[in-house]
Amino acid sequence: MAELTYRDALRKALADAMTENPDIVILGEEVGRYGGAYGVTKDLIKEFGPERVIDTPISEPSIVGAAVGAAMTGLRPVAELMYVDFLGMTMDQLANQAAKIRYMFGGQIGVPMVLRTQGGTGRSAGAQHSQSLEAYVMHTPGLRLAMPATVADAYHLLRQALERPDPVVFIEHKALYTMKEDVDLGARPPAWGKAAVRRQGKDLVIVTYSRQLHYVMDAAKALSAKGIEATVIDLRTLNPLDFDTIREHVERIGRAMVVSEGAMTAGVAAELAARISEECFDFLEEPVIRVAGEDIPISVSPALESGSVPGPQLIAEMAGRLLA
Amino acid sequence: MSKPKGASAPGTKTNSDLPELYRTMRRVRSFEERVGELFVRGQTAGSMLHLSIGEESAAAGITAAMKPQDTFTTHHRGHGIFLARGADPKRMMAEIGGKEAGYCHGKGGSMHIADMGLGHLGANAIVGGGIPAVVGAGLSARRKRNNAVSVAFFGDGATGQGVLYESMNMAALWGLPVLFACINNQYGMGTRIDQATANTALHERAIAFGLNGESVDGLDVEEVAEAARRLVDAARAGKPGFLAVSCYRFYGHARKDKSPYRDAAEEEAGRQRDPVAFARARLIERGLVKAAELDALDSEIAREMDATIDFTIAQNEPPLASMFRDVFDPSEPEPEPVRTRLNRVLATEQENG
Ligand SMILES: Cc1ncc(C[n+]2csc(CCOP(=O)(O)OP(=O)(O)O)c2C)c(N)n1
Ligand SMILES: [Mg+2]
């Protein structure tokens, strides 16, 4: 066991994978000499050299596009986007190139790359640096999507992403980098694509991922004090989506809530709620409830920022009312 | 353009613009120092504050060449440009503090200040994000025949963005009244300009696209102002331009960055290239303004900016309900809060149950 931060775990995953696989290269803004805007790639350039840890100009579309080409010609690139908010700039390379190359070309070649980035609120970073854009990725056929919520998952999901045959978008949460956990990285991780049941309870199922897992766990504790016991599912990857685990628990319990930081309308929570409603209809005692981000941009004002996304209180309140 | 009221520049009896340029630069320097202080006092919204200390000549020199009808966009390091254009420092700093009294009511913050009244079409947290808007503003000016020029301010880092080249090409192709103003402070975060591009003579690429292109030394604000006037005048006449102002980013990229990627000797030398001190020495040397008068001006500006801090700290946070405002036009309904939607669902449940 060792105490690690989320940031350390990500860095270690990169370092361990790069040691094992000489084809892994990192490219992105400030990933080398600076060590990453959030410090994830700190000193990797010293360990692996500038040929494998490549500082790029501020040219997001070409960072992702170059990763696509590198992946098609034998490297295993990890492209870094400093903020998920820049996804839109790269969307052609990601959605029209990376995601479709295997399919369009009749299965001749895959694009085994990882696009690492981070998103979410929590730093008063304003409307263009605080978004949760995972729905853009989840909506694009051909892309895998991992969003670790725990230190252990930061490590294992990134290691696993670096073994996948297809493009993986890996979205970290900016508010989690300094979170610490005692982890045993030698322990066998859950398989890629498996959700984790973080808590068992008989009264309702709460499905979530990324930073909201921690808010949901806080809410579950508060609910427990009032005699309400929640089962909490952390999806870990949104594509593949482990719907079997969701189904199993929702069918047993009959009440479900979905929690996501992304904007509510047409978001990840919308997809999950629709699917639970369709597939578990006969087992549901109540409508599936979505607690998600407001349909508004994120303000720089700390009060408005935290008011724009779910927190433990809102989650606990709505869960309590669902059971009332 | 309208200069802010208050201290009038000393020594304006001469024909020289330098006293006024000095005053503008001094106000920018003073303002930015107070923003740094506000951060240390925990009164800013977040730590993503990019100070323009060392770059004052670009802000003062280029805005001096602009007319009231002109428009502009800035990058994330845009406090100084906006202040030089005539912004109210109180409303600016309140915005940086995320307060309701700020230019954007605490929604935008340091990186998203705008003021249509002064032609400020917006600061941007996307590197290069504000550049193409000036092409559109150029089209507007041409169609409306209002004789306006639009200036895009951005950093050297934005020369990595393809959108700059698309925009320069369109501006040249269509002969638009546009200036691309690149504030080359030698760094994009920890990346020195020569680590980001193989040809650091940035104006050459503009010339290749058919624009007027110049690079000037930002140490001397008069040189900047002169080049800006040439290029803005030509742009107004239909030949767009590109101006790179070479300067040095005195401090870290943002408030928490201690610049470990550059050595102390380099920083020391960089901070010697101080456009404010340079202009001050010139004023005295040429006998335009006495040192004592400059001291008085400096203290007056310091008092103004101290009052700006006090004002900012005293302001309120925006009310929570304001977060739903201005997503769409005020004549349209606001987005429905999550709570309202859930109330509907959960209320029905209670009735049924
Ligand atoms: C599209 C985009 N990529 C990356 C960033 C992160 N970032 C913010 S400022 C910056 C450096 C910009 O350098 P430069 O344009 O020279 O401006 P300076 O900070 O030196 O004023 C970077 C990489 C961003 N905000 N937007
Ligand atoms: Mg720069």
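Reply: A word on terms to start: helices (H or I, at least four residues) and strands (E, at least two) are DSSP runs, numbered from the N terminus. This is a predicted model, in which local features need pLDDT of at least 70 and side-chain atom pairs count only at pLDDT 80 or more, while totals for chains, interfaces and linings use all residues. Residues are numbered from 1 along each chain as its sequence is written, chains are lettered from A and ligands numbered from 1 in the order in which they are written, and side-chain values use heavy atoms, with hydrogens and water left out.

Me: Where is B:Arg145, then?
Reply: B:Arg145 sits in the loop between helix 5 (131–144) and strand 2 (150–155) of chain B. Its phi is near 50°, which is a positive value in a residue other than glycine.

Me: Which peptide bond is cis?
Reply: The one from A:Asn239 to A:Pro240, with omega near 5°. A:Pro240 belongs to the loop between strand 12 (237–239) and helix 9 (243–253) of chain A.

Me: Ligand next. How many residues surround ligand 1?
Reply: 23, the closest being A:Glu60, B:His76, B:Arg77, B:Ala125 and B:Tyr187. A residue counts as near if one of its heavy atoms lies within 4 Å of the ligand. The site is shared between chains, because residues from chains A and B surround ligand 1.

Me: What sort of residues make up that shell?
Reply: 10 nonpolar, 9 polar and 4 charged. Here Ala, Val, Leu, Ile, Met, Phe, Trp, Tyr, Cys and Pro count as nonpolar, Asp, Glu, Lys and Arg as charged, and the others, Gly among them, as polar.

Me: How far is A:Glu60 from the ligand's nitrogen?
Reply: A polar side-chain atom of A:Glu60 is 2.4 Å from a nitrogen atom of ligand 1. For B:Val127, a backbone N or O atom lies 3.0 Å from a nitrogen atom of ligand 1. B:Asp156 has a polar side-chain atom 3.0 Å from an oxygen atom of the ligand. Of the 570 Å² of accessible area that ligand 1 has on its own, the protein covers 98%. Such areas come from the Shrake-Rupley method with a 1.4 Å probe; for residues, only the protein chains shown count as cover.

Me: And how many residues of chain A are in contact with chain B?
Reply: 47, in contact with 47 residues of chain B, where contact means heavy atoms within 4.5 Å. About 3,900 Å² is buried between chain A and chain B, and carbon and sulfur atoms give 60% of that. Buried area is the accessible area (1.4 Å probe) that two parts lose on being put together, summed over both. A:Ile58, A:Leu304 and A:Arg321 supply 16% of what chain A buries against chain B, more than any other three residues.

Me: How many salt bridges across that interface?
Reply: 2 by the rule, which asks for a side-chain nitrogen of Lys or Arg within 4 Å of a carboxyl oxygen of Asp or Glu. B:Arg341 and A:Asp295 form a salt bridge at 2.4 Å, N to O. The whole structure has 46 salt bridges over all chains.

Me: What does A:Lys12 pair with?
Reply: A:Asp16, in a salt bridge whose closest N and O atoms are 3.1 Å apart. Both residues lie in helix 1 (residues 6–20) of chain A, 4 residues apart, about one turn of the helix.

Technical notes. A polar contact is a pair of N or O atoms within 3.5 Å; within protein, one must be able to donate a hydrogen and the other to accept it, and residues adjacent in sequence count only if both atoms are side-chain atoms.
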